[in-house]
Amino acid sequence: MNQAWLTVAGTCLTVAGVIVTAWLTYRGSRTAASIQAEPNQRAADLAAFKEIRDDMQKELDETKAELRSLRSLVRSFAGYVGELTSQMRLHRIEPPAPPDRVAEYNRTGV
């Protein structure tokens, strides 16, 4: 009877050892997989960030070009209105006072 008890206890310990070993192997495999996947994930993140940066740079360049065009238009228009105002005054016609924002632009250039 003593020997049967030892056999059952040994069997239980062996099964428990196999379960613990399997669990540790599983955890180790998952850890190794995540370590291997990390550089790939970083590369994917970097590619996404570069694409976002390139898109934003393109938008910024387009906005700057549009701003330059509008500034040029405002300056041209201001010169044109100035010429018309001068012609009106040559003919003794007093032009209406410009709006406050236009007067500010004529004073500061901004």
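Me: How far apart are the mean positions of the positive and negative charges in the protein chain?
Reply: The mean positions of its 14 positive and 13 negative charges are 4 Å apart, where Lys and Arg count as positive and Asp and Glu as negative, with His and the chain ends not counted, and where a charge is placed at NZ of Lys, CZ of Arg, CG of Asp or CD of Glu. This is a predicted model, in which local features need pLDDT of at least 70 and side-chain atom pairs count only at pLDDT 80 or more, while totals for chains, interfaces and linings use all residues. Residues are numbered from 1 along each chain as its sequence is written, and side-chain values use heavy atoms, with hydrogens and water left out.

Me: What box do the C-alpha atoms fill?
Reply: Taken along the principal axes, the box is roughly 130 × 25 × 15 Å. The radius of gyration of the protein chain is 40 Å, whereas a compact globule of 110 residues would have one near 13 Å; the radius is taken over C-alpha atoms, and the globule rule is 2.2 Å times the number of residues to the power 0.38.

Me: How much of the chain counts as buried?
Reply: Of the 110 residues, 3% count as buried, meaning under 20% relative accessible area, with exposed being over 50% and partly exposed in between (1.4 Å probe, protein chains only).

Me: And where is R75, and is it buried or exposed?
Reply: R75 lies in helix α1, and it counts as exposed because its relative accessibility is 53%. Helices (H or I, at least four residues) and strands (E, at least two) are DSSP runs, numbered from the N terminus.
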